[in-house]
Amino acid sequence: MSRYPDPNYGGSIPNPPQQGSMGAPYGQNAVGTDMTMAQPPMQPQGTSLLHQRPLPPGASAGAQQQQPPMYQPQADVNSIASGMSNIGLQDSSAQPYPAPDQPYGASTQPYGTSTQPYGSSTQPYGAPAQPYGASDYGGQQPAAYGAPATYQQGQAPGMSSLEPQMYPQQPQEPLGSPGVGEPALPRPTAIEPACGSKREVYNSVADGSAPGVGPPPASRNDFIGVDTGSCTPRFMRLTVNSIPADSSMQATSSIPLGLILTPFADPDPGEAGVLDVDLTTAGGGGPLRCSSCNGYANPGFRFVDSGNKFHCNLCGHENDTPSEHMCATNPANGLRLDIDYRHEFRYGSVDYVVGNKDYFATDPTPPHFVVCVDVSASGISTGLATVAVQSVQSILEANALPGGSSGAKIGIITFDQSLHFYDGRGDGQARVQYVPDTSDPFIPIGPEAFFQPPERAISVIEMISNAFSLMDPSQLKGGPPPSGNALGAAVVAAKQALADIGGKVFVVTGGIPSVGSGKLERRGGGSVSSEEREKALLKDETPFYDDLGSQMAELQISVDMVIATQQPYVDAASLLRLPRASGGRGFLLTNFDYRKDDVSVRKILVNAIWGVRALDAMVKVRASKGLETGEYMGSFGRPQRRNDVIAPVMGVDSVMALELKHDGQIQTNLGGGSMISASAFSNNVCIQCAILYTDLAGRRRIRVHTMFPPKTTVLQDTFRSADLDAVVAMMCMRAANAAFSGSRVLSKVREALIEKTAHILFVYRKFCNPPKSQSTKLVLPETLKLLPVMILGILKSSAFRPQPSGQNLGVVSTDERAAALLFLSTARPQDITTFAYPRMVLLSQLDEFAGLPRAPQDGFPPEGEPIALPASVPLSSEFLADERMFLVDNGLRLLLWYGKACSPELIQEIFDMSTGVYRLRLGEEGQGELAMRISAIITRILESKSNLTQVIVAPAGSSDGAEQNQYLPLLIEDKNIALAQSGWSYKEFLKVAHRRIMDKMAQERAQKDFQAWEMLGYQ
Amino acid sequence: MNFSELEERDGLRWSALIWPWSRLEATRSVIPFAAMYTPLKNLQNMPPLLRYEPVNCKTCTTLLNPYCRIDPNQKIWMCPFCSGRNPIPPQYSEIAQNNLPAEQIFTTVEYMLPRPMAPPPAFVFVLDTCVSDAELRVAKESLMKAISLVPPETIVALVSFGKNVNVHVLGFTDSVKSYVLRGDKDYTSQNIKDLLNLGIIGSQAVQGGQSVAVQGATRFLQPISECEFMFTSVLEDLDKDPWPVKQNQRPKRCNYTALSVAVALLESSYQGYGARVVALLGGPPTQDPGKVVKLELGDTLRSHADIERDYAPFYRKAVKAFDTIATRAVNAGHTIDVFSCSLDQVGLYEMRSCVDRTGGYFVTSEAFSHPMFKKSFEMFFKSNAEGKLNMGFQGSMEIHCSREIKIAGVIGPVASMNKSGNNVSQEVEYGIGGTNTWRLCSLDPSTTLSAYFEVVNQHSSAFREGQYRYVQFVTKYQHADGTYRCRVSTNAGLWTEGSNINQVRSSIDQEAAAVLVARLSVWKTENEEAFDILRWLDRKLIHMCSRFATFGETKEAFSLPVNLSLYPQFMFNLRRSQFLQVFNYSPDETAYYRSYLNRENTENALLMIQPTLISYNMSSPPAPALLDVSSIKPDSILLLDTFFYVIVFCGERIAQWRKAGYHEDPQYAALKALLEAPKDDAASIIEERFPYSRYIEADEKGSQARFLLAKLNPSISYNNEEQVGQQSLIYTDDASLQVFMDALKEQAQQSVQNS
């Protein structure tokens, strides 16, 4: 299906044609708009609706009774019950929301102090005496949301009940499908296209009309973006696709206004790449730009006076057309006659190749890379150095070094307690120079010796392999490798090597730097005793890495860092500041095990190197008069020159988030349009992102992405056009930055996230809800209906999860925390939403199309459709069953869980366990059909990730902690008693949010100034 | 008296053999009472090595010598130095007047001490890579040649430097590896040891039962037999310093740090064993604490005038820096040799203490490709007939003397070991004094020390006829073959009563005296602030003449005895020499020249002060000629040997003949023979000399003639040109010898009259 349309707003967009083929009426969801939810259960306490959710037929009653494979034990349910009863969700009419003197937190029996905490349950976890289905869901559970009885019966237009199921109902896959009349909670599973369906084709500008108002397709779903005059969501997403007209309206809406840029994202199969506009041959001039605001040519430029003049749609300035860009206009429609040849007037994204010296700060050079590999004990004995070196070697041998054919060069530094440099000029024999002075490091060899073209670098790699016996560590000469790790010094040396030319540095370390510059003390590592302590540990120990990163960014150098360690503590919080400050990415692999994690490191490295697209880049975002740029977040170098952001190196994964601020009333109708029709964009805002950069071949280029969101004065429009992915991403980035900077304790950050969520929903409830629905129901805007569950997921993720009290389940080490926070602050929207609400699919029974490729239908897209993924299921432990097998992907990890009754043969068909670890069999003989399809699914997921390579297999009841510590925490809809307050189940969280909204309603009602906005919203 | 014969016996040359009895008389005699001593001189009449420990006096530690009286009956021997009585040790029980051990017969003997062998000597090569590719290639070839010359068990290490210092791994490696240290950083010795892991003492790597190098340093220090391939590969791979040099700049060079690293390498692993740091420098240090000049070419290297007027901003700091290296090397007993190959100065003046105090050599030439470097370098590593290097290591020299005299100091390539004793003068210090033992980090057969003494007898003390003064030199060192040696020279000399001036006068060795005074004057000018050395020299000469010359009524009646007749001329030439005149000489040249004056034997030192001139012509056999411009004759060829260079100078007519090619005509074979004779002689001189002398061919009135004219007495200059007509003349304001002598006679006479 295409964008999930809101028929009330979009008006004419028909429902997707193929929905009928699915077993479940998918469109039912599509027609649904706003959701309402009764707050109080109508049933008396003690009767639950939840338990009525039918159990999957596959889970036989007997099995359930014998061993409930669930995460929530008896105690959990009890506490839910007790907690709910205490909050007082008994009857909406009686008590719509708690009295102000009884705030949520002060409830007499908060969750955290449940009489029957998880750990001390008298009924042991999984005890057969309390069968899962029998008593838990039997009668104790209070009614929660979505009971049919709570629905508003005559809903206002634009409102829909919770009734539509959230994932397609399939005859053979009844998992989680609601029973008749059983409503479900809004989940990302609901917005997925049906398994095996054709990818949606998303036109950035609908034919013959102004750019759309609805949000683009969800980033985590497959779609084909077509640039029909405006930039596709592949490159740029706005948090709201209708821009509030002025700042007070924006302040009221409370949805963060901003955009998420992934300017160098690779096109999906079937998508056209960004088109080139080559200016190097056309007289050497630059691109057509407005002489007033310097905005670049875009489809919004309107040519007048037979093409002699044009109006800039950003600032409204009337410019004389320079002679080199002169072209007459067609008097009939005002379009330039050369429009068919001038991509910049036709498409939202173009890539100029410039020859004009104005765009060169220095002579552009082909990319230069430096790889720093840890060959100390922490790198050699764990096998990390071997993987790192092999990865680089494989890239070189495959001739896949970015810019390799146009003069790109690579230099390699290895380090233990000293630094080792390799001079690759010699014939066959490389020469090594050791720099033992790591407190004052330097690069001892000249650039022509250090940097080598790929073919020569291969011999250097071989030399390193031999020197450290990387292929056979038992042959290591000269005793055990030194334990000292001079990572900081190695990076300083890399900085010196690249100081004049800029470039990309990849650091691979197996441990904490222990000698020389940037040496770190082991200040943490044990259990984190308090929040203040954790805050201190998340702050860097020394400003060394932050400063170094900033200095490198100034020199147009960016660092990616891979920490793959067996050490319990590597102070990732300090180390990861280096990639963060230099616009790179950081990866942390704890409990590194060469046998299974080798491919992960390899993939991370290979993708990081291969993914480099732009060097020496500078990003500038311009917007229509009335809008200005605010805070930048994401992966770029810290130093900002006024409004230009230095991004030393950008790649396919580079993300930048940018806040937009109002600078008065937004002025539109400045330019007009050149493409669709003279008036097509006339009322639209223009937001343009220009990136001046050097491409891999050493050419200077400017990539320009332009969008034309409409301006609105209707508050509801902002909600209708809100882009969940961008909103979540903006919120997460901001929260992650606050936590990582160490300025806020985590609980404050969590609180801010919850509060912001509640506030957005409150605004919607207050200003956009039809007056008629003045009830106590929880009302969610259709576009943001997943916001609560996303935020809940983030709160329960390793980035923000509170440390469990007294239990090991879900403990997050400071290192993992830091890595997750860095990930959040630099991840793409699709990564963030996946991180927030992991994708869990059932593998033991597959949909009809799942795991199979689909041939092109109707000849488009020519490549056909990718392997279809099974529909995902809610992240709740109640679906776990002995004979089931699940795959869950949270963007950082891919876990495979299987119950005790799963066929070991199937596992062995999927995985090769001969080496003692689970290795995915890929395309091997002897796989059954199911195993082959499962392998295909896993492979498809892995291929779509730049950092994931490996399936962590977590069998039920596994003793290695994979299930307990990695799998179960991902089931975010479950209640986690150990996490105290934040251990809310999904339903509880909605309750919390609802309570806050109602609190606000109570308070804000008295505030007069909001009245005005209410009026504004309904004008 | 034939002083050379005496020198052949003990390697000793005294300024005077007979000394006045009292301090007062000694002072009046003006000349220093001192000896030129060549400890390792190859002596014809020395007995074979004595393979046992020497016997020493219990009281004054003097070793048993021929002047000891033996009383075989009482089994005692009397020490002539302290009159102590010592029992004859059991191994000498057979001793009798007609059965004496060698040390009782020969005044100079050498013991080979029965001790475990020292490890083979180590050489750390320090190679400057901031030179042109061609130069570097030649330097590398020379290094290859060097390691092919030295015995294969010799231990070598290679340190190359430019902007940074590379210490190359020669052991346990299958690839070319080096450790790099920052060139512009002042590492302490401890830093270097830590960074290079030199301090780690692992299992001792034993090679042939000899090597004692510890694990950490064995990576860098390896016997040639083990590492020749590696050494060669490293050298082959060694490139010019890769760091770009800007158009108007010098390369970044860290001579100081490189030396410091090399010294540290040896300090930590080879302390107490023979080792040399051999530095091949191509230019001045420009960035480290030893920096002597700025990077910019516009900043010229300091001159003597700059240093004097304190216009040399880096001078003091650099001297201080190199002094610390010298001190470290001396403490470890290691030598630093500097081969500088640059058209410009390289800062030898600042680093002179590194070479002078450690017994090293300076060799300078314009380029690595210049024969002066190549030949000198080869000679340096040449082995002797036994296949061993011609040098000793870790030496020390102790002087014993009888009570009437005390030791005033030693001048030479030595460092003080600060060992005081009763025989050390408290009042005067000539050269390195305040000790009776000096360290000679290395020494070779030409190393010659000058030892100065003070007569301390009071004038009133009774003089007894036939009393002798005794001086014993005990030199211990490691021979290149690994054995520990001890050479003992004992000398007895006569006293004479103070009034008997003739005896003293007749025993003066004017050559030795001149060299001793020259060394002393150089010492004074270098170590005493604002010292006017020429006035001091003049005064000394006048006093000496007034003491020893005979005077008449007229000036012409002034005469000196035969054995002193040349002394004024030596002084005249010394005054004009590069040792005391710094005008027209760079500080580096000065350091270089003075270093040789202080280490060569009497003969060579005198040659430096007053070159020899031999005249060749058709009519007579070659004959020494006056060092005077009047010796230039159109039909003669002159051969001038100044030690540092050798000039063959053709008279005007001979030059014309040669240019006309007559010598190629068989008819004029005699001319050919005449042309070749001085060249052959020059070649044979140069062949034997270290450092390899610069060879110059010059024609009268040619540009190269200036080298000759600078050394000649300007008896004909434009002051008196008219009197002599068409002769060659020297354009100078300097006084000629005649003028000098006239003034001297006058002054001496006045001095006599005044006293």
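**Cysteines, an annotated domain and a helix pair**

C315(A) is buried, at 13% relative accessible area, where buried means under 20%, exposed over 50% and partly exposed in between, with a 1.4 Å probe and protein chains only. The model is predicted, so local features need pLDDT of at least 70 and side-chain atom pairs count only at pLDDT 80 or more, while totals for chains, interfaces and linings use all residues. Residues are numbered from 1 along each chain as its sequence is written, chains are lettered from A and ligands numbered from 1 in the order written, and side-chain values use heavy atoms, without hydrogens and water.

**Cysteines**
- Over all chains there are zero disulfides, a disulfide being a pair of cysteine sulfur atoms within 2.5 Å.
- C315(A) is in no disulfide, and its nearest cysteine sulfur, in C290(A), is 3.5 Å away.
- C689(A) is buried at 0% relative accessibility; its sulfur is 8.0 Å from the closest cysteine sulfur, in C231(A), which is too far for a bond.

**Annotated domain**
- The unreviewed UniProt entry assigns "domain: Sec23/Sec24 beta-sandwich" to residues 392-492 of chain B; such annotations may be inferred rather than shown by experiment.
- That span, residues 392-492 of chain B, is 0% helix and 52% strand, and its end C-alpha atoms lie 27 Å apart; helices (H or I, at least four residues) and strands (E, at least two) are DSSP runs numbered from the N terminus.

**Helix packing**
- In chain B, helix α16 (residues 567-576) packs against helix α23 (residues 737-754) at about 120°, with axes 11 Å apart; axes are lines fitted to C-alpha atoms over the stretch in contact, and angles run from 0 to 180 degrees between N-to-C directions.
- The contact (heavy atoms within 4.5 Å) involves P568(B), Q569(B), F572(B) and R575(B) of α16(B), and L737(B), F740(B), M741(B) and L744(B) of α23(B).
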